[in-house]
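Here's a quick briefing for anyone opening this structure for the first time. Take a look at it, then read on.

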Amino acid sequence: MVTTTKVIIGGVAPLFVPWAISKEGLLGGPLAVLFVGTLCAYTVRQLVEYKDAVVAETGRDDLTYVDIAGHAYGPVGSALVLVMTALNSLGIVAAYLGFIGPTLSTLSSSPTSMVSAFGIPDMTSEHFQLAAAALIVPLNSFAGNARFLSIAAYLGAAGVFAAVAFTCAYGFSVNPDVLASWSKLPLFTTPTQFFESSGVVTLLFAMHFAIFPIERAMRDREGFTQVVAKATWFTAAANVAFGCLGFAFFGTETSSVVLDNITSGTITELVRLFLVVDMIVSAPIVLS
């Protein structure tokens, strides 16, 4: 379940949720999260059930998302899904690199940071992105390995949970009266603001492209759809709670990445570095 939850929470997507809630409203945001989560859990179940029927028909147990699309819609459907899946995976990895590069570049430029203390030279964001890509490419060979998936999942979940816990601790220290803050915040926003941030909610749950490799790596594959459902509801509840808290802590000043609202320090650096490692080991799962 940890692996499934890790993939569902989309890397650092939970750190974008307070901003998304601030754009969608204190009630509109949670409703959007619950709706998209329910829709994704249902469609994943439909996808797995259809795949099982195709396995029974063909005897193949190595089917991919593209294979299933080809069986359902023919060569045109298969080609379209291949293109969309590739673009989706590359887009997510590009977002990872977009976090990794600036984060390491900023830390390396400070002579007092841990990155500088390790002897890593001050480099541009682009150089750090190339270095991260150079690590990700060979890690792709482990994407189907169950042990690698497990390590990536636990490492990633630990990084995200550490970031969430640190944000909450900082938030309560600067704004302990959450109920009073909530009473001043809007329940809904404008349609323009709502759809401006809808991609964050989708990023939390739209992990269909990674479903089959994870299912094959599970010991108990029979209960996979139940695991997805439980992971989805856990993810939805946790992100609604964190998003609403983050919005209460920082109000209209909530940053697109909530860590940017926190004063820089040693713990902040550790959390950011933990997330960088998380993204490097998670990228092969996204690309698999």
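This is a predicted model: local features need pLDDT of at least 70, side-chain atom pairs count only at pLDDT 80 or more; totals for chains, interfaces and linings use all residues.

Residues are numbered from 1 along each chain as its sequence is written, and side-chain values use heavy atoms, with hydrogens and water left out.

**The second largest pocket**

- Sixteen residues, written 16 in the count, line the second largest pocket, and Pro102, Thr103, Thr106, Asp260 and Arg272 lie nearest its centre.
- Two elements, helix H4 (65–108) and helix H13 (266–287), each give two or more residues to that lining; helices here are DSSP runs (H or I, at least four residues), numbered from the N terminus.
- H4 gives the most, with six residues.
- By type, the lining has six nonpolar, seven polar and three charged residues; Ala, Val, Leu, Ile, Met, Phe, Trp, Tyr, Cys and Pro count as nonpolar, Asp, Glu, Lys and Arg as charged, and the others, Gly among them, as polar.

- Asparagine 239 sits in helix H12 (residues 224–250), and it counts as buried because its relative accessibility is 4% (buried means under 20% relative accessible area, with a 1.4 Å probe and protein chains only).
- The asparagine 239 side chain reaches the backbone oxygen of threonine 235 at 2.7 Å.
- Valine 240 is in helix H12 too, and at 17% relative accessibility it's also buried.
- Setting aside neighbours within four places in sequence, valine 240 is in contact (heavy atoms within 4.5 Å) with Pro30 and Val33.

Note on methods. On a 1 Å grid over the protein atoms alone, a cavity is a set of points where a 1.4 Å probe fits but cannot get out, and a pocket is an open set with protein on both sides within 12 Å along at least five of seven lines; lining residues have an atom within 4 Å of a point. Buried means under 20% relative accessible area, exposed over 50%, partly exposed in between (1.4 Å probe, protein chains only). A polar contact is a pair of N or O atoms within 3.5 Å; within protein, one must be able to donate a hydrogen and the other to accept it, and residues adjacent in sequence count only if both atoms are side-chain atoms.
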